[in-house]
Amino acid sequence: MVERKRILIVDDDDHLLVILKDYLVFEGFNVQTAGSAEKALEKLDRFQPNLVVLDIGMPGMGGLGFLRRIVDARGKPRYPVLVFSARS
């Protein structure tokens, strides 16, 4: 059996989380969601995503704060990250 690729979606818009998760699960991915950067950090070690889909403009720690927390000693993110925003 082939292991499904894992995607963590981080966004404060619950509606968007549901839509993206449903689509990606349908396409065969193992998907977890987090409604904030803080919640996403809690899931990282357990879930070990192959990709993080990240809203850069969230309240609280926000996307930039999340990115700062997931870099290694050389400043490179430990996971591939796709950054997006609804802001123009």
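Mentor: Two strands pair if DSSP finds at least two bridges between them; strands (E, at least two residues) and helices (H or I, at least four residues) are DSSP runs, numbered from the N terminus. As a case, V53 stands opposite L82 in strand 4. The structure is a predicted model, in which local features need pLDDT of at least 70 and side-chain atom pairs count only at pLDDT 80 or more, while totals for chains, interfaces and linings use all residues. Residues are numbered from 1 along each chain as its sequence is written, and side-chain values use heavy atoms, leaving out hydrogens and water.

Trainee: How many strands form the sheet, and in what order?

Mentor: Strands of a sheet pair through backbone hydrogen bonds, either parallel or antiparallel. Here four strands make an open sheet, ordered 2-1-3-4, with parallel pairing. Strand 2 (30-34) and strand 4 are the edge strands, since each pairs on one side only. On average, neighbouring strands are turned by 15° against each other, direction ignored; such axes are lines fitted to C-alpha atoms, for helices over the stretch in contact, and angles run from 0 to 180 degrees between N-to-C directions.

Trainee: Which residues stand opposite each other, or are bridge partners, around strand 3?

Mentor: Take strand 1 to begin with. Strand 1 and strand 3 run parallel and are joined by four bridges, with L8 opposite V52. On to strand 4 (residues 81-84): strand 3 pairs with strand 4 over four bridges, also in the parallel sense. V52 has V81 as its bridge partner in strand 4, and L54 has V83. Between strand 3 and strand 4 the chain passes through helix 3 (residues 62-69), and this β-α-β crossover is right-handed. Right-handed means that, with the strands pointing away from the viewer, the path from the first strand over the helix to the second runs clockwise.

Trainee: Which strands does helix 3 lie across?

Mentor: Helix 3 lies across strand 3 and strand 4, and runs at about 150° to strand 3. Its buried residues are G62, G63, G65, F66 and L67, where buried means under 20% relative accessible area, exposed over 50%, and partly exposed in between (1.4 Å probe, protein chains only). Among the elements that cover these buried residues are helix 2, strand 3 and strand 4.

Trainee: Is strand 3 mostly covered or mostly uncovered?

Mentor: Strand 3 (residues 51-55) is mostly covered, with four of its five residues buried.

Trainee: Which residues have the most contacts inside the largest nonpolar core?

Mentor: In soluble globular proteins, nonpolar side chains tend to be buried together. A nonpolar core is a set of buried Ala, Val, Leu, Ile, Met, Phe, Trp, Tyr and Cys residues joined through side-chain atoms within 4.5 Å. The largest one here has 15 residues, and L8, V10, L44, V52, L54, F66 and I70 have the most contacts inside it. Strand 1, helix 2, strand 3 and helix 3 each give two or more residues to this core. Helix 2 gives the most, with five residues. Another core lies apart from it and has six residues, including I7, L24, V31 and V53.

Trainee: Is D11 buried or exposed?

Mentor: D11 counts as buried because its relative accessible area is 2%. D11 sits in the loop between strand 1 (6-10) and helix 1 (14-26). It touches L16, L17, A34, G35, S36, D55, M58 and F84, not counting residues up to four places away in sequence. A polar atom of the D11 side chain lies 2.7 Å from the backbone nitrogen of D13.

Trainee: Which residue counts as exposed, and at what relative accessibility?

Mentor: R46 counts as exposed because its relative accessibility is 65%; this residue is found in helix 2. Q48 is in the loop between helix 2 (37-47) and strand 3. Its relative accessible area is 35%, so Q48 is partly exposed. The phi of Q48 is near 50°, a positive value in a residue other than glycine.

Conventions:
Polar contact = N/O pair within 3.5 Å; in protein donor to acceptor, adjacent residues only side chain to side chain. Contact = heavy atoms within 4.5 Å.
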